[in-house]
Amino acid sequence: MPAEPADGALPEAPSVLKILIAGGFGVGKTTTVRAISEIEPVSTEEYLTQASAPTDSLDGVAEKRTTTVAFDFGRVTFDVPMPIELMLFGMPGQDRFMDLWDDLARGAVGAVVLADTRRLASSFDALSFCERAELPFVVAVNEFDGAHRYPLGEIRQALALAPRIPVVTVDARVPAAVVKVLLRLVDHALAHTPADPNPAPAFTHLDA
């Protein structure tokens, strides 16, 4: 919680930012939200069944037992470098949920696109969506146990990313690692948000 100013003035209200956690099936979106949320995350996971086998390939993620069917939601607040409250929306990974992606992206200031080096192609749809929606994003390579560690330059090349797109690594299970990625996204998003000649109070309302 922010400390109360010594002069008795009201503490500065945090800016509220809506952030998407995107990426392919099984890249760690739900884990990311759970790792950092200061509230009990809202989750819409269902168990995988034989009926979903044709569309939810477990290649490379054979241990996965559930999948997100709507979205995950969590919240985290920072006081430094400025008071901000991040509303985190974990998007479902499969392309059959693309209509829902448009709804979730409304009002978002940016996205973290998670990638798995064992299945980089699984995040292509999320990358294309962010580019098409002109949504600022960073790519976070989730360092799964046993996955090969590639130089970030090679990953950038494999994903055909523009030089302006930040590429970082993360262990989605570690809160401190997730914090670094989220703050990197906030910096990137604010740096690439066009100035509004008639601005409303910036990022204080969500359109979720």
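How are H1 and H5 oriented to each other? They are roughly perpendicular, a term for angles of 65 to 115 degrees.

The model is predicted: local features need pLDDT of at least 70, side-chain atom pairs count only at pLDDT 80 or more, and totals for chains, interfaces and linings use all residues. Residues are numbered from 1 along each chain as its sequence is written, and side-chain values use heavy atoms, with hydrogens and water left out.

**The helix crossing**

Select helix H1 (residues 29-36) and helix H5 (175-191); helices are DSSP runs of H or I with at least four residues, strands are E runs of at least two, and both are numbered from the N terminus. The axes of H1 and H5 come within 9 Å and cross at roughly 100°, where axes are lines fitted to C-alpha atoms over the stretch in contact and angles run from 0 to 180 degrees between N-to-C directions. Next, display Thr32, Ala35 and Ile36 of H1, which meet Pro175, Val178, Val179 and Leu182 of H5 (contact means heavy atoms within 4.5 Å).

**The cavity**

Now select Ile21, Thr32, Val112, Leu114, Val170, Val178, Val181 and Leu182, the lining of the largest cavity. A cavity is a set of points on a 1 Å grid over the protein atoms alone where a 1.4 Å probe fits but cannot get out, and lining residues have an atom within 4 Å of a point. Its volume is about 40 Å³, counted as the space filled by probe spheres set on the points, which are joined across faces, edges and corners. H5 gives the largest share of this lining, three residues.

Finally, select Trp101 in helix H2 (residues 98-105) and Phe129 in helix H3 (residues 124-132), 28 residues apart. Their rings form an edge-to-face pair, 5.6 Å centre to centre with 75° between the planes (centres within 6.5 Å, using the six-membered ring of Trp; planes over 60 degrees apart are edge-to-face).

Note on methods:
1 Å grid on protein atoms, 1.4 Å probe; cavity = no way out; pocket = protein on both sides within 12 Å on 5 of 7 lines; lining within 4 Å. Parallel < 35°, antiparallel > 145°, perpendicular 65-115°, else oblique. Phe/Tyr/Trp six-rings, centres within 6.5 Å; stacked < 30°, edge-to-face > 60°.
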